[in-house]
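Dear colleague,

I am passing on the structure below, and my notes on it follow. Please read them with the model open beside you.

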Amino acid sequence: MNSRIFTHAAMAALLCAAGCLAGCSDVETTELKTPVYKTGLARDELRNTAFKAQFPAQYASYQKNDESSVMTEYKGSVNFNKEDVWDPLPEGYKHAQPYLKNLWLGYPFMYEYREARGHTHAIEDQLEIDRINRYGEKGILPATCWNCKTPQMVAWVKQYGDEFWAKDFNEFRDKINLEDDSIGCANCHNAETMTLQLYSEPLKDYLKSVGKDPQNLPRNEMRSLVCAQCHVEYHFTAKGHGPEQKPVFPWANGFTPEAIYTYYEDTGNVKDPGFEGNFADWTHPASRTPMIKMQHPEYETWIDSTHGAAGVSCADCHMPYQRENGKKMSSHWWTSPLKDPELRACRQCHADKTADYLRERVLYTQDKTFRLLLTAQEYSVRAHEAVRLATEYDGSRDTDYDQLMIRARKGIRKGQMFWDWVSAENSVGFHNPAKSLDTLAQSITLSQDAINAALQATRYGIAPQLEGDIQTVVPPIRKITRKLQQDPEFLTTHPWLRYLKPLPQADLYWKGTQRISSNQ
């Protein structure tokens, strides 16, 4: 009887799997070939407009990335401030996270962090973001920050080699064309033949490290890897660990948050007790914790998801096939499938479902993920505050105070990295619901352990100051810009801001690609 039940269950599972595969039967496979063109373009052609004449339909589709007004429920192309829950669009939005400036205190992300507009705006938005210093000749961030903004990277790396990465970002401001050099054709295509190719040095480095030839990969794999050139977590190489400031994808131990966290344990130069040899992007000034800033791990989130495991590529969903003048082509409007009222990208495989049903299922996942994301964010803030209070506590301390404080800071570091994994990833959990929710659950547990350790370290002397609603315990930092940090008085307006040093007085030096004044 039991064996018969097992057999029926196994058969049902097989039929379900077969149905899923049948539903995805029109998804590209590794055997499918694309035409090889003879464009007449030079191999090193990088300008987007050079491709327009021969590929007018694709180029017109690409220009849809200029759109900057359409929102989905949780995201979209209006570049609102991601911490601003107080103001309406375009500056704020109902699904913002109010504690981003607190959590990134001391790191350039605290100045400004906006929802990304379309890829055609990549350079323009990069030049105007407050994270890059515009109040002096130098940007105070490495040229590495250009890596995912322009195909001109190919020419620059060819010209400078590994010395490019550590150059100052602003050195290249006036060497760029806003229209022609933004993310486009040459980031993904060989200009001579239009075959898919990789321009990203860090991705090619990774592929070579696992025995893969970046120039000889299955087409379906390439339909995701061209996106993985940028939609990934990465770090800039610390001095003594390779070419300085070169971007590296931290995948040597795997693609999970835990695997990437362990990678960062011995690839840096941190000297703080308990963190010796760790990599850190910065040290949080309130809790004195060496921190990791996650980027946007879409590829790492998707790779072991239901869709990733089934061979559904990034392009299947974000570049769905369409007909133009009777010809089949991939859409080059790289955006959310939810912006299409008919959800045609999803219904290529899920043809038996209505658009309304599919949209509801996406929102079901995103609602749950975002609610837990806000909870994890608040736990992380409270953990920083617990360690801040414990660091400055002058009452009776536990005999193991130093070790407990190391444990607390480890909980902060890892807990915030796990929160940031989901926060920085652009699908609000949908690319991999199980992974996203599990990562947030671990984040909450880690942050709570940090709080517990700080409480124990002070024999619970700081407990009264940690009780209550988080917005009373630690108010959100609503404003901090490079200009505001030039004012010492402003830095007294929040308990955490007093840990920042005032910046030198200076006027705006750069506007886009142009020098507009001289502070030197």
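The axes themselves are lines fitted to C-alpha atoms, for helices over the stretch in contact, and the angles run from 0 to 180 degrees between N-to-C directions.

This is a predicted model, in which local features need pLDDT of at least 70 and side-chain atom pairs count only at pLDDT 80 or more, while totals for chains, interfaces and linings use all residues. Residues are numbered from 1 along each chain as its sequence is written, and side-chain values use heavy atoms, with hydrogens and water left out.

Helix α14 (residues 401-424) and helix α15 (residues 433-457) pack at an angle of about 160°, with their axes 7 Å apart, and α14 and α15 are therefore roughly antiparallel to each other. Helices here are DSSP runs of H or I with at least four residues, and strands are runs of E with at least two, numbered from the N terminus.

Leaving aside residues up to four places away in sequence, Trp146 touches Ile123, Leu127, Met153, Trp156, Phe169, Phe172, Arg173 and Ile176, where contact means heavy atoms within 4.5 Å.

The structure holds one disulfide (a pair of cysteine sulfur atoms within 2.5 Å), and this bond joins Cys148 to Cys230, with an S to S distance of 2.4 Å. Cys148 lies in the loop between α4 (122-128) and α5 (153-160) and Cys230 in the loop between α7 (219-228) and β1 (235-236), so the pair ties together parts that are 82 residues apart in sequence. Both cysteines, Cys148 and Cys230, are buried, and the torsion about their S-S bond is about -105°, so the disulfide is left-handed. By contrast, the sulfur of Cys346 is 6.4 Å from the closest cysteine sulfur, in Cys317, which is too far for a bond.

Finally, Lys327 belongs to strand β6 (residues 327-330) and is exposed, with a relative accessible area of 62%.

Conventions. Buried means under 20% relative accessible area, exposed over 50%, partly exposed in between (1.4 Å probe, protein chains only). Angles under 35 degrees count as roughly parallel, over 145 as roughly antiparallel, 65 to 115 as roughly perpendicular and the rest as oblique.
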